[in-house]
Amino acid sequence: MRRIIVHAALMAGGALMLAGCGLADSRSPVPEFMRAKAIDPPPPDIGQLVRKNLESVFVASSYPRHVRVSPPQRDLHGSGWTACVRAELTSAMGKPLGPQTYRVTISGGAIVDRRRVEADDTCASESYQPV
């Protein structure tokens, strides 16, 4: 009888240890194949985000028109997203500047950075949707 209890206890302990492996999260110090897969958050709605925060991308006095956005891409240098934003702008002197393109960085559902694209940027090959 005592032998059955010992065997049952060992089996229960082993089952608990194996069950614990299935609960390891994506940052646990266990081998990769034992970790739970991290759930990627859905990409942000860039159009809505830019529409609500237009002043964080363009200066209000530039009177942005025909604003268009590219699909979001994972930021290669961080945990957020990036997208390209293009619009027809006007200079401070009132002269048309033509289409200008900026790359925005999104983190935590907010635009945290924007910069004018350079010649080697991939924004030129992106497809755009109106905001």
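Which residue takes a positive phi in the hairpin of β4 and β5? Gly108 does, with a value near 65°, in a hairpin that has 2 residues between the strands. The model discussed here is predicted.

## Overall composition

The protein has 2 helices and 6 strands. Read from the N terminus, the order of elements is α-α-β-β-β-β-β-β. The chain holds 131 residues, of which 27% count as buried.

Among contacts with a separation of 6 or more, 42% come from residues 24 or more positions apart.

Strand β3 covers residues 81-90 and pairs with β4 in the antiparallel sense, over 10 bridges. Within this pairing, Thr82 stands opposite Thr105 in β4. The two strands form a hairpin with 5 residues between them. Gly94, in the turn of that hairpin, has a positive phi of about 90°.

Strand β4 is also joined to β5 (residues 110-116), by 6 bridges, and these two strands run antiparallel as well. Here Ile106 stands opposite Ile111 in β5. The hairpin of β4 and β5 has 2 residues between the strands, against 5 residues between β3 and β4.

## The disulfide

How many disulfides does a search of the whole structure find? The search finds 1. Cys84 and Cys123 form this disulfide, with their sulfur atoms 1.9 Å apart. The torsion about the S-S bond is about -80°, so the disulfide is left-handed.

Cys84 lies in strand β3, whereas Cys123 lies in the loop between β5 and β6; the pair therefore ties together parts that are 39 residues apart in sequence. Are the two cysteines buried or exposed? Cys84 has a relative accessible area of 0% and is buried. Cys123 is buried too, with a relative accessible area of 1%. Both values fall under the 20% cut-off for a buried residue.

## Aromatic rings and a charge over a ring

The structure holds 1 aromatic pair. Its members are Phe58 and Tyr102, arranged edge-to-face, at 5.5 Å centre to centre and with 80° between the planes. Phe58 sits in the loop between α2 (46-52) and β1 (65-69), and Tyr102 in strand β4 (residues 96-107), so the pair links distant parts of the chain, 44 residues apart. Phe58 and Tyr102 are both buried.

A further side-chain arrangement involves Trp81. The charged end of Arg74 sits over the ring of Trp81, at 4.3 Å from the ring centre.

Most residues other than glycine have a negative phi.

His66 is not a glycine either, yet its phi is positive, at about 50°. This residue is found in strand β1. His66 is exposed, at 58% relative accessibility.

Leaving aside residues up to four places away in sequence, His66 touches Arg86, Ala87 and Glu88. The C-alpha atoms of His66 and Pro130 are separated by 7.0 Å, although these residues are 64 residues apart along the chain.

Gln129 lies in strand β6, which spans residues 129-130. With the same exclusion of residues up to four places away, Gln129 touches Val67, Arg68 and Val69. Its C-alpha atom is separated by 9.7 Å from that of Arg86, a residue 43 residues apart from Gln129 along the chain. Arg86 is also one of the residues that His66 touches.

Technical notes: Residues are numbered from 1 along each chain as its sequence is written. This is a predicted model: local features need pLDDT of at least 70, side-chain atom pairs count only at pLDDT 80 or more; totals for chains, interfaces and linings use all residues. Side-chain values use heavy atoms; hydrogens and water are left out. Rings of Phe, Tyr and Trp (its six-membered ring) pair if their centres lie within 6.5 Å; planes under 30 degrees apart count as stacked, over 60 as edge-to-face and the rest as tilted. Helices (H or I, at least four residues) and strands (E, at least two) are DSSP runs, numbered from the N terminus. Buried means under 20% relative accessible area, exposed over 50%, partly exposed in between (1.4 Å probe, protein chains only). A charge sits over a ring if NZ of Lys or CZ of Arg is within 6 Å of the ring centre and within 35 degrees of the ring normal. Contact means heavy atoms within 4.5 Å. Two strands pair if DSSP finds at least two bridges between them. A disulfide is a pair of cysteine sulfur atoms within 2.5 Å.
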